[in-house]
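I opened this notebook to record, entry by entry, what I looked up in the structure and what I found there.

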Amino acid sequence: MCRSIKTLRPPQLAEEATEEEIRAAALQYVRKVSGFRAPAAHNREAFERAVDAVAAATAELLETLEVRGRPASA
């Protein structure tokens, strides 16, 4: 879908994804879906809420995924 979003789960990353990497991926996703690189002032709050929600969902997903050979995070 969006080539600038990188895979954030092991073994693609040597260590766990950082909050900054998760937020950057969420921002790219929201930009792609909304069609806006930067929202107009009247859409900024909705845009930021969407980025926050996608980042939270992404963090939760990464915390609960089980990757072969690696236990899921408790």
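**Salt bridges**

I began with Glu45, which counts as exposed, because its relative accessibility is 58% and exposed means over 50%. This is a predicted model, and I keep that in mind for every entry. I then looked up the partner of Glu45 and found a salt bridge with Arg49, in which the closest N and O atoms are 2.9 Å apart. Arg49 has a relative accessible area of 49%, so I noted it as partly exposed. Glu45 and Arg49 are four residues apart in helix 2, which means that about one helical turn separates them. I reminded myself that residues three or four places apart point the same way because an α-helix has 3.6 residues a turn.

I next asked how many salt bridges the structure holds, and the count is three. One of them joins the side chains of Glu48 and Arg23, at 2.7 Å from N to O. This pair links distant parts of the chain, since Glu48 is in helix 2 and Arg23 in helix 1, 25 residues apart. Arg23 also meets the side chain of Asp52 in a salt bridge, again listed at 2.7 Å, N to O. Because Arg23 lies in helix 1 and Asp52 in helix 2, this pair ties together parts that are 29 residues apart in sequence. Through shared partners, the salt bridges join Arg23, Glu48 and Asp52 into one network.

**Helices and core**

I looked up the secondary structure and found two helices and zero strands. Helix 1 covers residues 19-34, and its 16 residues should span 22 Å at 1.5 Å a residue, which agrees with the 22 Å between its end C-alpha atoms. Just after helix 1, Gly35 takes a positive phi of about 85 degrees.

Which residues of helix 1 are buried? I found Glu21, Ile22, Ala25, Ala26 and Val30, and the buried residues of this helix pack against helix 2, residues 44-64. The largest nonpolar core has 10 residues, among them Leu8, Ala17, Phe47 and Leu62. Helix 1 and helix 2 each supply at least two residues of this core.

**Before helix 1**

My last entry concerns Arg9, which sits in the segment before helix 1. Arg9 and Leu65 are 56 residues apart in sequence, yet their C-alpha atoms are 8.4 Å apart in space. Leaving out residues up to four places away in sequence, Arg9 touches Leu62, Leu65 and Val67.

Note on methods: Residues are numbered from 1 along each chain as its sequence is written. This is a predicted model: local features need pLDDT of at least 70, side-chain atom pairs count only at pLDDT 80 or more; totals for chains, interfaces and linings use all residues. Side-chain values use heavy atoms; hydrogens and water are left out. The expected span of a helix is 1.5 Å times one less than its number of residues. Buried means under 20% relative accessible area, exposed over 50%, partly exposed in between (1.4 Å probe, protein chains only). Contact means heavy atoms within 4.5 Å. A nonpolar core is a set of buried Ala, Val, Leu, Ile, Met, Phe, Trp, Tyr and Cys residues joined through side-chain atoms within 4.5 Å. A salt bridge is a side-chain nitrogen of Lys or Arg within 4 Å of a carboxyl oxygen of Asp or Glu.
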